[in-house]
Amino acid sequence: AADVPPQLIPSLHQARAALLEPISQFDQALTDIKEALSQETVSQQTEIRAYLVWGLVLDGQGDYQGSLAQYQTAVELLQDSDEWLLLARGKQGIGWALIEMGQTEAASEPLQQALECSQRADDQFGQMMTLTFLGVQARRRNKLIVCERYYKQALDIARPLGDRLVEGKLLSNLGVAASMRFALSQAQRYLEQALTIFEQLNVPKNRAITVGDLGVVYARIGNYARAQRLLEQSLALARQIGDRYGEAWGLNWLSGVVLAQGDADSALQLARAAFSVADAIGIKSLRAGGLAKMGNALLANGELTEAADCYYQAHTICEQINQAAEAALMLAGLADIALRQQQPECALNHVEAVLTTIATEPEICQGIHLQVYWVCYQVLRNLGNPRATAVLAAGYGILLSRAENIDDKAARQLFLTQVATHQQILETSKPKPSEAAV
């Protein structure tokens with residue numbers, strides 16, 4: 001070290017930090033970054049790169065506010081610069097941090113700027129990553145068709161580059177987006193392709209995530225036994241590699257699958273475990289998911305007041321992070337409880353809020369849970385409100401449309417008959433014998 005020229009020391013610390021960040025050696029990476037920035041001989045180029053790596057490290061630690069600040073510092077140092085590659089990285093980071101902070105609308109401008117900078121730099125990798133981030137942003141805004149379009153554009157760049165890991169991640173993202181809008185056969189194909197790549201590359205974390213996402217597809221179809229096996233496998237892998245996010249996510253979904261099979265007590269235990277992990281790592285979307293699943297299990301056990309408290313808390317978080325479809329589902333849960341407590345006017349207020357959201361944000365219907373339509377119908381019918389018929393018809397139409405997207409006949413039958421809400425909508429929508437005769 002004594003033989004290293006002083007002017008090289010900052011860049012060596014920055015370079016080592018850049019190598020440590022992808023392997024999650026965050027503490028040592030931060031030490032190197034701060035050492036690089038403390039040197040009198042640090043060049044502006046090295047300083048900029050150090051702040052960019054600092055943003056990545058904080059992102060990896062879940063400190064999105066801190067990550068945003070470092071990316072903004074890097075971009076400020078690049079003001080009036082034509083360093084398009086570095087500008088693209090800084091703008092990408094700003095956009096991603098904003099997405100993770102729930103400020104999805106604000107992320108549009110920096111991400112579009114990042115895409116333009118990557119194009120100016122002729123940086124194919126940068127374009128691919130920015131398109132991926134734009135896809136995530138669209139997904140968070142419930143614009144699932146737009147989301148898939150961005151992912152496909154990114155995939156078209158990834159394949160010629162020969163980056164199999166990125167190709168697998170994009171196929172996985174496409175699978176999740178298709179699953180969210182209930183194009184379930186298409187989702188299954190994407191996810192199985194992704195899983196093959198992750199198994200070939202031996203990437204445990206992505207394998208765990210994708211196995212879990214396949215479990216979600218089977219849960220949405222109504223094949224709960226297979227969904228449970230896959231989710232348990234995903235959860236075990238997440239715990240094995242220390243992926244706390246994956247652990248909380250897996251526990252949330254497993255709670256829902258167990259509840260669908262009639263075990264409310266185990267579902268509640270799993271949901272509480274999910275919330276505990278989510279709370280420890282500070283991820284709002286997972287906290288909301290844990291609260292929602294706790295509410296569902298408590299409702300199934302008849303603990304209405306406790307369930308309502310969970311739904312209220314989950315709804316508040318969903319509103320904060322702009323998850324409109326999930327917020328609508330929480331309001332439906334509250335309406336259901338109010339109706340059971342003989343409070344029809346309170347139930348109607350929740351339903352009106354849901355129907356207003358659907359009217360003003362129709363894109364959420366692509367992925368909305370049909371429990372929302374079923375509860376709204378029940379409340380309106382109970383009050384003799386003439387809108388009940390139209391709400392049921394809308395839910396029925398969405399149900400049939402989603403069923404048509406399932407290629408396998410047996411799976412389609414499961415979807416229609418094994419998911420409780422689907423079965424209720426189907427049975428209620430059938431014409432009465434007298435009507436059929438006419």
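1. N202 is exposed, with a relative accessible area of 62%; here buried means under 20% relative accessible area, exposed over 50%, and partly exposed in between, with a 1.4 Å probe and protein chains only. The residue N202 sits in the loop between helix 10 (184-201) and helix 11 (204-221), where helices (H or I, at least four residues) and strands (E, at least two) are DSSP runs numbered from the N terminus. Its phi is near 55 degrees, a positive value in a residue other than glycine.

2. The model is a predicted one, in which local features need pLDDT of at least 70 and side-chain atom pairs count only at pLDDT 80 or more, while totals for chains, interfaces and linings use all residues. Residues are numbered from 1 along each chain as its sequence is written, and side-chain values use heavy atoms, with hydrogens and water left out.

3. D122 also has a positive phi, near 55 degrees, in a residue other than glycine. D122 belongs to the loop between helix 6 and helix 7. With 60% relative accessibility, D122 counts as exposed.

4. Across the whole structure, 14 salt bridges are found; the term requires a side-chain nitrogen of Lys or Arg within 4 Å of a carboxyl oxygen of Asp or Glu. One of them joins R141 to E105, with the closest N and O atoms 3.2 Å apart. This pair links distant parts of the chain, 36 residues apart: R141 is in the loop between helix 7 (124-140) and helix 8 (144-161), and E105 is in the loop between helix 5 (84-100) and helix 6 (108-120). R141 is partly exposed at 22% relative accessible area, whereas E105, at 51%, counts as exposed.

5. Within helix 17 (residues 324-340), R340 and D336 lie four residues apart, about one turn of the helix. They form a salt bridge whose closest N and O atoms are 3.1 Å apart. R340 counts as partly exposed at 46% relative accessibility, but D336 is buried at 9%. Elsewhere, salt bridges that share partners join R159, R164 and E167 into one network. R159 is partly exposed, with a relative accessible area of 41%, and E167 counts as buried at 11%.

6. Which residues form a negative surface patch? They are D263, D265, E303, E306 and D309. Patches consist of residues with over 30% relative accessible area and no salt bridge, like charges being joined within 9 Å and nonpolar side chains (Val, Leu, Ile, Met, Phe, Trp, Tyr) within 5 Å. Among the members, E303 is placed in the loop between helix 15 (284-300) and helix 16 (304-320). E303 is partly exposed, with a relative accessible area of 31%.

7. The count of aromatic pairs comes to three; rings of Phe, Tyr and Trp (its six-membered ring) pair if their centres lie within 6.5 Å, and planes under 30 degrees apart count as stacked, over 60 as edge-to-face and the rest as tilted. W374 and Y377 form a tilted pair, 5.5 Å centre to centre with 35 degrees between the planes. Both residues lie in helix 19 (residues 371-382), three residues apart, about one turn of the helix. W374 and Y377 are both buried.

8. G395 is found in helix 20 (residues 388-404). G395 is buried, with a relative accessible area of 1%.

Methods: Areas by Shrake-Rupley, 256 points an atom, 1.4 Å probe, with all protein chains shown as cover. Lys, Arg positive; Asp, Glu negative; His and termini not counted. Charge placed at Lys NZ, Arg CZ, Asp CG, Glu CD.
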